[in-house]
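Have the model open beside you as you read.

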Amino acid sequence: MIVAEQKSLDEIKNLLGDGKRVLVVGCGTCVTVCFAGGAKEAGILASTLRMNTQLNGDPKAVTHMTVQRQCESEYLDTIQDQVSEADVVLSVGCGIGVQALAEKYSDALVVPGLNTSFMGQPLEQGVWAERCQACGSCVLGVTGGICPIARCSKQLLNGPCGGTDDGRCEIDADLECAWQLIYDKLKTQERMHLLMDITPPKDWRSSRDGGPRKIVRKDLRLPGQEMSNDER
Amino acid sequence: MTSDNGYKSGSNLERMLRAGHFAVTTELGPPKSADPDVIREKAAILKGFADATNITDNQAAVVRMSSIGASAITLQAGVEPVMQMTCRDRNRLAMQSDLLGAHALGLRNVLCLSGDHQVFGNHPQAKNVHDLDSLQLVQMVTDFREKGCFQCGEEIEGDSPRFFVGAAANPFATPLEWRPLRLGKKAKAGADFIQTQLVFNLPRFREFMKEVVDLGVHEQVYILAGVGPLKSPGMARYMRDKLPGLDVPDEFVERMTAAGSGIEDKPARSAAWRKAGIAICVELIQQVREVPGVAGVHITAIEWEKAVPIITEQAGLLPRPNA
Amino acid sequence: MEGDCHYLDGNLNARRRVEHAQQLLEQIGLEGKRVKMINLSSAMGGQFASTVAEFTEEICQIGPNPLHNGDDESRTRNNVSTHNPKTVVGPQME
């Protein structure tokens, strides 16, 4: 899931600028389950902004709406009226939601209320950790299900480095050394030969390094849709 | 591809090790400025006391003069450098480009490292590169020599760099049982020599080397044991408690503390500590020399280059032979 | 008392939420002290009374909610007096 955190109130106020009518838009998917921008958080943020700006003598009229998924434009139809009545739209969706809103309502001023951080999973209530870097060519099959791109601080493919300290990463004792985990797992699985092979340099083209990515699934394209360059 | 006389690179370090001498390498940290004289002064201190000198590459992720630049100055000063290259700051294009330049400047030894993470240094906000890891870098550098091609497979037209390639090993980092095998992997990737992390825990080091010898890896690479003089009990404690991957048994902290006890005068106490630190280093050199599979020592006297002549003298490593 | 909730973890969860509410108030620019949570059992009537009186004093010291100031209509409509803090008593607490 996508994991995000709210920006500080000061930063949000700076982004809102002089806008008097603010619409906070929450999202019912990823940011709901990481408690950053769901309906509840959008409501609390709206209330916070109302009260704080009133106290400071420059009251803003802040309302809030939440859509099921902010990243898909069909779900954004429902808030059209509210968007047109706002001076600023404060999205507490992930970075994708913010952009989808900005693209759909191109005349609106859309600003982000969150910092989208990573793709990860909850470890326990209130704790999320990064698990995937979307490198585009998954190596989990040969690393015992532990990702060295996301979880090794140096993204080693032939790890560990010499800094492993009692199974922890040199940069943070709270971080497990990904290669210690991989080693332990492959040992249990009796697949140590995978560790002895020298993994060659990664082809980073499938990752963000190759440029912004797009996937086109011909099997899902609807008749009558314009053919993209990839399909021609 | 080797040169006519059978050497891979022809470097002094290579000749020493090939000739069966117990090799000595040391380290020189470039300045945090553009001043070449700092390097010339340090090189002058070390000249004649080692077979080659490592020139660090933004060590501890602190920006210093580049290893390639400082190595070239060191070479001009009459000391053979081992240029260090980390994977932290450069992608494969910059690495290969620098290696071509390094060879053109007369450099012949390269040590391939992952690199300390930038959070430790003075630019923690920087983007982390790690396009390659140290094993892939070793392979890339040896491929220049063995296959005459770039990492992408394209043939190098004209002079192909022929380096004596080194890598690091840490016998004290977990998982412990994996480390000898990882050393073997570096040998498989083409490494010619290995420098280990600082050895203080001799029993652990002996266990490590026994496994290495059992695997036959000591015949595939020349292994130099890392040693270094302690300056103070504080340094010993810091290395024991704070630096990752270092194993400093309590006895050394105690010895260093005892060396200065009862001495009130600060300069005198400091001198006593340093004397003890050198004595410990000399002992360790003599002990690792006896461990089967060890082909030399790598002496790291951090910001204390003047200790190297003393240590090498007391450890019976002088004069350095001409290979 | 804390941890002895009829609802097991109930009063621990409530404590966490009250602290969060206090932080939100501070962030807004109001005093976090306007919200308080105390653990009492149903047998501690006397303590309840004195605690509430004490809290009333504290609130009077802090002063009226500035967001309701000058808004007579809303005060009347909500029957809010400037000097009566709201007291919420949970269900039977052991």
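This is a predicted model: local features need pLDDT of at least 70, side-chain atom pairs count only at pLDDT 80 or more; totals for chains, interfaces and linings use all residues.

Which residues of α3(B) are the buried ones? They are B:S67, B:I68, B:A70, B:S71, B:A72, B:I73 and B:T74. The cover over them comes from several parts of chain B, including the strands β1 (23-28), β2 (52-55) and β3 (81-86), along with the helices α2 (36-46) and α4 (92-104). Just past the end of α3(B), B:G78 takes a positive phi of about 90°.

Now for the cores. The largest nonpolar core has 92 residues, and B:C112, B:V141, B:I194 and B:V227 have the most contacts inside it. Helix α10 of chain B (residues 266-289) is the top contributor to this core, giving nine residues.

Leaving aside residues up to four places away in sequence, B:V141 touches B:L99, B:V110, B:C112, B:F163 and B:V165. There's also a second, separate core, this one of 36 residues; among them are A:C71, A:L90, A:V92 and A:C94.

Next stop is B:R237, which sits in helix α8 of chain B (residues 233-241). Is B:R237 buried, exposed or partly exposed? B:R237 counts as partly exposed because it has 17 C-beta neighbours inside 10 Å, where buried would take 20 or more and exposed 12 or fewer. Along the chain, B:R237 and B:V248 are 11 residues apart, and their C-alpha atoms are separated by 8.2 Å.

## How the chains meet

Two pairs of chains touch, and the pair with the most contacts is A and B. Chains B and C, on the other hand, do not touch: their nearest C-alpha atoms are 28 Å apart.

Chain A does meet chain C, with eight residues of chain A in contact with six residues of chain C. On chain A's side, the largest share comes from helix α3 of chain A (residues 39-55), which supplies six residues. What classes of residue make up the side of chain A that touches chain C? That side has four nonpolar and four polar residues, with no charged ones.

How values were computed: Residues are numbered from 1 along each chain as its sequence is written. Chains are lettered from A and ligands numbered from 1 in the order in which they are written. Two residues are in contact if their C-beta atoms, placed from the backbone, lie within 7 Å. Helices (H or I, at least four residues) and strands (E, at least two) are DSSP runs, numbered from the N terminus. Ala, Val, Leu, Ile, Met, Phe, Trp, Tyr, Cys and Pro count as nonpolar, Asp, Glu, Lys and Arg as charged, and the others, Gly among them, as polar. A nonpolar core is a set of buried Ala, Val, Leu, Ile, Met, Phe, Trp, Tyr and Cys residues joined through C-beta atoms within 7 Å.
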